[in-house]
Amino acid sequence: MPDFSFSRDSAISILRTLGGCTALGLAACAQAAPAFDSESPYMLGDWNGTRTELSEKGYDFKLDYTGEMGSNLHGGYDHDRTARYSDQFGLGTHLDLQKILGWDDAEFQLTITKRSGNNISNDRINDPRVGGFTSAQEAWGRGQTTRLTQMWYQQKFFDQKLDIKVGRFGEGEDFNTFPCDFQNLAFCGSQVGNWVGGIWYNWPVSQWAMRVKYHLTPELYAQVGVYEQNPSNLDRGNGFKLSGSGTQGAILPVELVWTPKLNGLPGEYRAGYYYSNAKATDVYKDHNGQPAALSGEAYRSASSKHGVWLGAQQQITSVASDNSRGLSVFANTTMHDKKTNAIDNYVQAGLTYKGPFDARAKDDIGFALARVHVNPAFRKNAEASNRAAAVYDYDNPGFLPPQDTEYSAELYYGVHLTNWLTVRPNLQYIRHPGGVNDVDDALIGGIKIQSSF
């Protein structure tokens, strides 16, 4: 854990800043939103106007909370209808360095996250001998611990056409990005990191990185990045590790992003490729090209690992002239190295509708389907392992269930209770959890809570 202590003078300075309104902030204070005001974007309001005053000077602060409950209503590996809860706090500050220091088009971000709780997918939905692919509670994972998730500096040049970011952050923050309103991991965030998580580290894990983006036109940009590939960053005790010890190589993503407005409605289209120069292990064969599980030899290694992704999001309708309401559609697919990755391809599609009723103009509805396909070589390795152990009965604890294809579906309704609180009850259906045909299909009830303090 880091040392969060600070001096007495610093504490007094902060208290004076937060304690009330200065002469420059009187107007803001007169109209400041109080705590628990439904129109405020923050539960704690505008801090008697101080929050707006600080923002105008370049200092923005956020404390966000995500909580997710999941319960297996039917089926799964274990039919016990236990409910599980997981959550995440995110504390961050964003500094506009142009306002603070006079540095043109420069900014800094610092975010610390803390995850805790349990996941219904681990032992109730999926067979724990092999685990699963998707997760019914996306806020669980990467160690239930505190982490330094963002610490980066961003600078723009040439009338903001060139954008460079350096520091500690994850690939999914800029590449293969996708919103996270759904609760199932197959419909939340950067999907590449879900299927090659051993090399691509999504939020809340960070690593040393640099991303360079260039706008070819106002609607089209290309970007390339280089990210430290260091598995030790995943360890629970390394949430604040800054050294490069344990680095195995680098992962280099490149992406082209088009953000048009079709009939005045926003869209986003992404195409990308990633390459890892670190050594990777074959999922099936040894150095002689034989099944390693049968030969007893070490699995052969490859000099690299790679894959591609495509993504599309497009709003297609609006309500009258209000573009904040209407129907949007989306689809994503990823494809991965068949020699070294358990998942060879993934595809997902769905839709959302914002403002379904005039009386509930900020509510939203979402529905999505996903298919996760297991690399045939990975499945053959499980079968070879069972032959080597002479274990063929699924109920034998030593049996390694072969995995094939997992299908997921989710339907949610987002209740926008206030501008700082949204609650999304959801139903999820998982066919062949973990890609294991012997595991019963599962129906999961969930509730996702998103709040900003």
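## Close-up views of a predicted model

View 1. Strand S7 (220-229), strand S8 (249-258) and S10 each supply at least two residues of the nonpolar patch. Helices (H or I, at least four residues) and strands (E, at least two) are DSSP runs, numbered from the N terminus. The patch sits on the surface and is made of Val-166, Met-210, Val-224, Val-226, Leu-252, Val-254, Tyr-273 and Tyr-275, which together have about 570 Å² of accessible area. That area comes from the Shrake-Rupley method with a 1.4 Å probe, with only the protein chains shown counting as cover for residues. To join a patch like this, residues need over 30% relative accessible area and no salt bridge, and nonpolar side chains (Val, Leu, Ile, Met, Phe, Trp, Tyr) are linked within 5 Å. Look for Val-254 in strand S8; Val-254 is partly exposed, with a relative accessible area of 39%.

A word on the model: it is predicted, so local features need pLDDT of at least 70 and side-chain atom pairs count only at pLDDT 80 or more, while totals for chains, interfaces and linings use all residues. Residues are numbered from 1 along each chain as its sequence is written, and side-chain values use heavy atoms, with hydrogens and water left out.

**View 2. Arg-147 is tucked away without a salt bridge.** You'll find Arg-147 in strand S4 (residues 146-157). Arg-147 is buried (under 20% relative accessible area; exposed is over 50%, partly exposed in between, with a 1.4 Å probe and protein chains only). The nearest side chain of opposite charge belongs to Asp-235, 7.0 Å away; a salt bridge needs a side-chain nitrogen of Lys or Arg within 4 Å of a carboxyl oxygen of Asp or Glu. Instead, the Arg-147 side chain reaches the backbone oxygen of Asn-233 at 2.9 Å and that of Leu-234 at 2.8 Å.

**View 3. Phe-36 and Asn-263 have positive phi values.** Most residues other than glycine have a negative phi. Phe-36 has a phi of about 70° and lies in the loop between helix H2 (26-30) and helix H3 (50-56). Phe-36 is exposed, at 57% relative accessible area. For Asn-263, phi is near 55°, and the residue is in the loop between strand S9 (261-262) and strand S10 (265-276). Asn-263 is exposed too, at 83%.

View 4. Most peptide bonds are trans. Pro-204 belongs to the loop between helix H6 (192-195) and strand S6 (207-217).

Notes:
Patch = residues over 30% accessible without salt bridge, like charges linked within 9 Å, V, L, I, M, F, W, Y side chains within 5 Å. Lys, Arg positive; Asp, Glu negative; His and termini not counted. Polar contact = N/O pair within 3.5 Å; in protein donor to acceptor, adjacent residues only side chain to side chain.
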